[in-house]
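Hi,

Here is the two-chain model we talked about.

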Amino acid sequence: MSNDPVSLASSSVDEPPSLIELTHLSHFYGKFQALKDVSLSVQPGAIGLIGQNGAGKSTLLKILLGLMVPTSGTGTILGRNLLRQQGELRGRIGFMPEAESLIPGMRGVDLVGLAGELSGMPRRQALRRAHEVLSYLELDEVRYRRCDDYSVGMKQRLKLAAALVHDPDLLLLDEPTAGLDPQGRDAMLRLLHAIASRHGKSLILSTHLLGDIDRVCKQVIIMDRGTVLGCGRIGDLRQHWQGRYRIRWREPELRADNPDDGQSFLAILRRACPVVTATQRDSEALIEVPEGWNNQRLFEMAIQSGVVLSDIVPEEEDLPRLYHRLIGTGEVN
Amino acid sequence: MSSQEPSAGLQLDHAGYRTWVGEPRSSWWSCLSIVRVGLMLIFRRWIFWILIGLGLLNFLFHFAFIYLKATLAVQNENIARFLDRYKVTGTGDAYAEFMFAQATICALLLAFAASTLIGGDYRQGGMIFYLSRRIGRWHYIVGKLLTVGAVVTIVTTIPALILFIEYGTLSNSFQYFLDHPRILTGILGYGAILAIVQSLLIFAIAAWVPRTVPLVMTWLGLFVLLKGLADAMRAIDGNRYWLLLGLWDDMHRLGRFCFGSLDEKKIPSAEYCLAVLSAVCVISLVLIVQRVRAVEVVS
């Protein structure tokens with residue numbers, strides 16, 4: 001497997017300075033190499049971090065958080081040196097761990113206030129901001145309740161409040177939607193999207209749920225077995241398939257009694273195009289047209305077989321396909 | 001809408017989210033926050049007040065006794081002299097015994113409170129809460145040690161100091177303070193020994209045995225069983241150095257040494273006790289560091 005990531009985050013002069021810039025970062029646990037010569041550059045914004053178990057995500061997060069010094073390599077986060085300014089960095093980073101990380105017996109507002117103090121805020125300001133952040137995250141009504149009595153969704157938001165209280169520039173979120181019901185998950189993703197888009201916070205969302213990344217993130221880091229396989233804007237990483245279309249058709253109502261029309265249209269398509277894949281839905285197919293193809297022919301074939309074309313959409317790679325293409329499993333296909 | 005509040009270091013943006021632009025304090029300040037929260041967790045629970053109340057009763061008994069003695073001394077000196085024979089208070093021995101009793105109550109309190117203070121951090125993710133902030137592992141360790149040390153000081157040293165001040169203030173002159181400087185060093189010394197040894201020991205035990213019942217059994221077993229073992233071994237071969245195994249007695253002997261009331265000819269001497277307790281402290285610290293380092297903040 002190549003160690004060169006598919007990186008499309010170019011360093012053009014128009015772009016803002018990189019949020020994270022890593023150069024030849026490696027880390028060993030004894031003889032096991034968890035990170036292999038990782039080099040990447042991401043711009044400020046919402047960034048997804050995907051990878052299977054053992055891909056090196058946790059090790060990368062620990063290094064970004066300043067909890068671990070890499071065996072070799074260097075880098076900068078928020079313009080600060082990863083190796084020399086760890087303490088300062090952690091003051092500007094908010095981390096929301098996946099594991100339950102609350103202190104039983106403490107009230108929500110006290111806990112968030114303590115998080116602020118531990119991040120270097122004076123007590124009065126920490127407490128004041130704890131109230132504000134809890135209101136912002138719609139926990140104001142339960143702020144004086146003991147955190148052991150919170151529901152799973154509330155606990156997740158409380159953890160987010162504790163990560164946000166010192167107003168960090170970068171949020172590291174480890175599986176923020178874990179254990180949430182669909183409604184809670186939706187609310188959390190909307191919140192994260194708002195934090196990233198409205199308040200100019202950068203966030204790194206580490207998750208196994210590609211849908212979460214698709215909804216919140218504009219950039220992605222795809223890791224596998226300690227290497228970065230892809231890094232950059234999702235739109236740029238997506239493969240734009242030349243000549244691939246998803247087409248949909250319908251039979252006119254007058255001729256709906258003849259179900260063979262759709263099948264014959266498919267047969268005509270197969271004769272004309274090298275690759276035609278019928279999807280699981282009726283009256284839909286993925287086609288790959290030969291070079292020099294004119295889409296006018298599709299309409300001619302439709303008229304010939306008596307169907308009406310309703311959609312011709314150029315096919316684009318979605319995030320699951322992109323992910324599986326890069327890690328080389330091809331599971332989606 | 002935009003409003004600037006430079007004094008508070010907060011700034012409201014258009015969507016109701018405030019930014020904070022203050023200068024962060026040194027991480028060592030966080031140790032005090034850890035202490036405050038730890039004390040709050042203990043003093044908020046009524047169950048701990050049973051033991052704190054016991055200590056308070058003992059303190060109030062001594063406090064009232066000193067007051068009574070001072071009042072009677074004004075009326076009839078013979079009664080005061082008669083009360084002095086019981087050495088309830090006023091002498092180094094009396095303070096050492098008072099602190100020993102308070103320390104016993106404190107050990108019981110710690111046996112139960114350590115599960116909340118330290119064990120809970122390992123069982124319920126509190127460690128991750130602390131370590132995912134700006135502070136490092138040493139700030140956490142120091143903060144927790146100071147918390148236990150504060151509990152020990154509140155229950156043992158501060159009451160003893162109050163009694164010392166009360167006794168001196170209610171005596172005929174302030175000569176008492178000048179005549180008994182060793183009592184003050186004794187109180188502070190014994191208090192420091194209790195705070196350091198107990199905080200390191202209970203932290204190490206609670207970090208490795210975080211659940212309440214095993215923790216209580218281990219903590220009390222450490223004192224009761226080791227003392228029993230020490231007595232048994234001494235009875236078998238007559239060697240008094242076996243007594244060093246009893247950590248509780250070692251602390252008491254060192255405390256008496258601080259008060260200047262330890263019989264220096266008796267084996268084991270204060271140096272041996274100090275060596276044993278130092279070794280115990282170092283081992284405890286190694287165990288604590290090992291356990292804290294093993295915690296994975298990112299799972």
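One term before the notes: I call a residue buried if 20 or more other C-beta atoms lie within 10 Å of its own, exposed if 12 or fewer, and partly exposed in between, with C-beta atoms placed from the backbone. This is a predicted model, in which local features need pLDDT of at least 70 and side-chain atom pairs count only at pLDDT 80 or more, while totals for chains, interfaces and linings use all residues. Residues are numbered from 1 along each chain as its sequence is written, and chains are lettered from A and ligands numbered from 1 in the order in which they are written.

Chain B to start with. Of its 299 residues, 39% are buried. Its C-alpha trace spans about 80 × 55 × 30 Å along the principal axes. I count eleven helices and three strands in chain B, taking both as DSSP runs numbered from the N terminus (helices H or I, at least four residues; strands E, at least two). The order from the N terminus is β-β-β-α-α-α-α-α-α-α-α-α-α-α. As for contacts (C-beta atoms, placed from the backbone, within 7 Å), 74% of those in chain B with a separation of 6 or more join residues 24 or more positions apart.

Now chain A. Its secondary structure is eleven helices and 15 strands, and 43% of its 333 residues are buried. The share of contacts from residues 24 or more positions apart, again among those with a separation of 6 or more, is 68% in chain A.

How do the two chains meet? In total, 35 residues of chain A are in contact with 33 residues of chain B. On the chain A side, H1 (57–65), H2 (86–91), H3 (108–118) and H4 (123–136) each supply at least two residues, and H4(A) gives the most, with five. That side of chain A divides into 14 nonpolar, ten polar and eleven charged residues. Here Ala, Val, Leu, Ile, Met, Phe, Trp, Tyr, Cys and Pro count as nonpolar, Asp, Glu, Lys and Arg as charged, and the others, Gly among them, as polar.

Last, the cores, meaning sets of buried Ala, Val, Leu, Ile, Met, Phe, Trp, Tyr and Cys residues joined through C-beta atoms within 7 Å. The largest nonpolar core has 154 residues, of which Ala161(A), Leu203(A) and Leu205(A) touch the most other members. Helix H4 of chain B (residues 92–123) gives the most to this core, with 17 residues. A second, separate core of nine residues includes Ile247(A), Phe265(A), Ala285(A) and Leu298(A).

Cheers

Terms used
Contact = placed C-beta atoms within 7 Å.
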